[in-house]
Structure formats: C-alpha cells, structure tokens
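These are my notebook entries on one protein model. I set down each item as I looked it up.

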Amino acid sequence: MMTTLLVLTGCGTGDITAQSTGIWERYIVFNFGRAIKALSFGSNAGIGIILFTIIVRVILLPLMHYQNKSMRKTQEIQPKIKALQVKYASKDPDTKRKLQEEQQRLYNEHGVNPFAGCLPLLVQMPILMALWQSISRIQGLSSGRFLWLELGSPDPYFILPILAAIFTFISTKLSSMSQIESNPTMKMMTYFMPAMILFMGINLASGLSLYWVVSNAFQVGQTLVINNPFKIKREREAVAKQQRDLERALQKAQSPKKKRNKK
C-alpha cells in the first residue's frame, strides 16, 4: 500500500492545471479539484469539500457494508479459529499447512473473506491523497477560505484536528464493541488512530482535516445504523439465553427418566 501511495503521489509540488500531464495529476487530482469547485456554491471551497466527502462516502457505502458483514462473520468464527490453532499448535511445516487448510475450509464454509477488511482502506487511501493534493496544488482550493480556515494551511486553533480525532475514536470504539472477544490489536488501534489523525491534522492542510471530520462523523452514523454494537450485543444475549433455556429444558426432560431408572 505504501508503494502504491508513493507511485500515486510522486514528488510533485507544483500547481496542477488542465495542462498537467500524467494519469494521476491530470485525470485524477485535477478532476477531484473540478468536482469540489463544482460543489462549492458561492465559491466556498469548504462547502465543496463537505459535499464531495458525503458523496464519496455514499458511493463507498456498499463496500463498507460488505466489510462490516465480513468482519462480523469473522468475529463469530473466532472461537473455532482459536480451537484450530490449539489443535494444530505444532510448528512443523506439515502441521502449519494443515492449520492453513482447516482455516481456509472454515472461511469457505461461513462465507468469510479474511482480507475484506483491507478493501475500504485500499480504496480510501488514494481518494485521501488525491483530495490532499487537489487542495494543496490547485489554484482556488489551495487559497480558499471556509469559516476561520485557510484550506491550504493547518487549522490555527486545532479545532478540526481535535474533532477528527474524537470522531475517529468514537468510530473505532463502536467497531470494537461488537467483537465477541477482546482484540489487543483493535484496542491499540482505538487509541493509536485518533492520535495519528490528530498529529497529522495539526500539520497538514485544514481542508484535509475537514474531510476527516465529515468522513469520520459519517462513519459513526453509518456504524450506528448498519452495524450497531448495542443491537448486536442484545441479539447475542438473546441467542445465548435461548441456548441456556434449551439446555435447561433438556436437563428437565432427562431428570424424570433418571429417577424412573433408579426405581
């Protein structure tokens, strides 16, 4: 992914215009800028960034929904994955190969793609970089203003970076709440990602921070609607209760038989 970003962004720092060359600058970054300007009612580039961000998020909604469904399926089979890891704990090549085969079989049985969680990130990163370059390298956007912001410069009051970090934390926290078991990696990301967004937002163009605020706020709302952890928790508790009730009923049904056998 880092190699892709380096190839996409290159080392260009000059203005991007209709005369720019290259697929990335002429056809992607330049058209991103055109789209933002078209959505900038009254030449307000900040409004254009907000509307453009919402449109991008709506377009990505099916992909994000697919990611959420895949992640939930992956979480549901984690106990079975751990059982396989215990069963095939040996480090010899044959055992490792057998573990991989059994894990793949389990994924196929439950319709799980273990790499699905990477897809939205791979799609969003080029969009983020194209937006960053369009804001910083296209005239009219690099010098545009919105509220107290100079869109091509960092937020002088750090308001947007802080909001972006808060929404990132809430989004990541909600996602972790739907997990069956505690995941140390997810727990680390819950705090690492907001800190990284805050640090980058303080130093990068405020137009990019504006994108992060709107995008992550949208993500929070999307999670509460599509992958609500509170609803998922209630559903799991209901299933667990039904299982317990069934086990009690079976025990009661077997008890009279045991008493008759004793007599």
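**Entry 1: a helix pair.** How do the axes of α3 and α9 come together, and at what angle do they cross? I find that the two axes come within 9 Å and cross at roughly 40 degrees. Here axes are lines fitted to C-alpha atoms, for helices over the stretch in contact, and angles run from 0 to 180 degrees between N-to-C directions. α3 and α9 are therefore oblique to each other. I use these classes: under 35 degrees is roughly parallel, over 145 roughly antiparallel, 65 to 115 roughly perpendicular, and the rest oblique. The crossing of α3 and α9 is right-handed; a crossing has that hand if the near helix is turned clockwise from the far one by less than a right angle, and is left-handed if anticlockwise.

**Entry 2: basis of the reading.** I note that the model is predicted, that local features need pLDDT of at least 70 and side-chain atom pairs pLDDT 80 or more, while totals for chains, interfaces and linings use all residues. Residues are numbered from 1 along each chain as its sequence is written, and side-chain values use heavy atoms, with hydrogens and water left out.

**Entry 3: the chain.** I record 10 helices and 2 strands in the protein chain. Both kinds of element are DSSP runs numbered from the N terminus: helices are H or I with at least four residues, strands E with at least two. Along the sequence the pattern reads α-α-α-α-α-α-β-β-α-α-α-α. The protein chain has 263 residues, of which 37% count as buried. Buried means under 20% relative accessible area, exposed over 50%, and partly exposed in between (1.4 Å probe, protein chains only).

**Entry 4: Thr 53.** I located Thr 53 in helix α3. Thr 53 counts as buried, with 0% relative accessibility. Its C-alpha atom is separated by 6.2 Å from that of Tyr 211, 158 residues apart along the chain.

**Entry 5: the second largest pocket.** I read a space of about 150 Å³ for this pocket. α3 (45-76), α9 (206-226) and α10 (229-262) each give two or more residues to its lining. The largest share, 4 residues, comes from α3. Among the lining residues I list His 65, Arg 72, Ile 226, Lys 231 and Glu 235. By class, the lining divides into 4 nonpolar, 4 polar and 4 charged residues. (Ala, Val, Leu, Ile, Met, Phe, Trp, Tyr, Cys and Pro count as nonpolar, Asp, Glu, Lys and Arg as charged, and the others, Gly among them, as polar.) On a 1 Å grid over the protein atoms alone, a pocket is an open set of points where a 1.4 Å probe fits, with protein on both sides within 12 Å along at least five of seven lines; lining residues have an atom within 4 Å of a point. Points are joined across faces, edges and corners, and the volume is the space filled by probe spheres set on them.

Entry 6: I find the axes of α4 (residues 78-87) and α5 (residues 93-110) within 10 Å, crossing at roughly 165 degrees. That makes α4 roughly antiparallel to α5. The crossing is right-handed.

**Entry 7: loop residues.** I checked Leu 147, in the loop between β1 (145-146) and β2 (149-150). Leu 147 has a positive phi of about 55 degrees although it is not a glycine, and is exposed at 62% relative accessible area. Phe 158 lies in the loop between β2 and α7 (159-177). Phi of Phe 158 is also positive, near 60 degrees, and Phe 158 is partly exposed at 40%.
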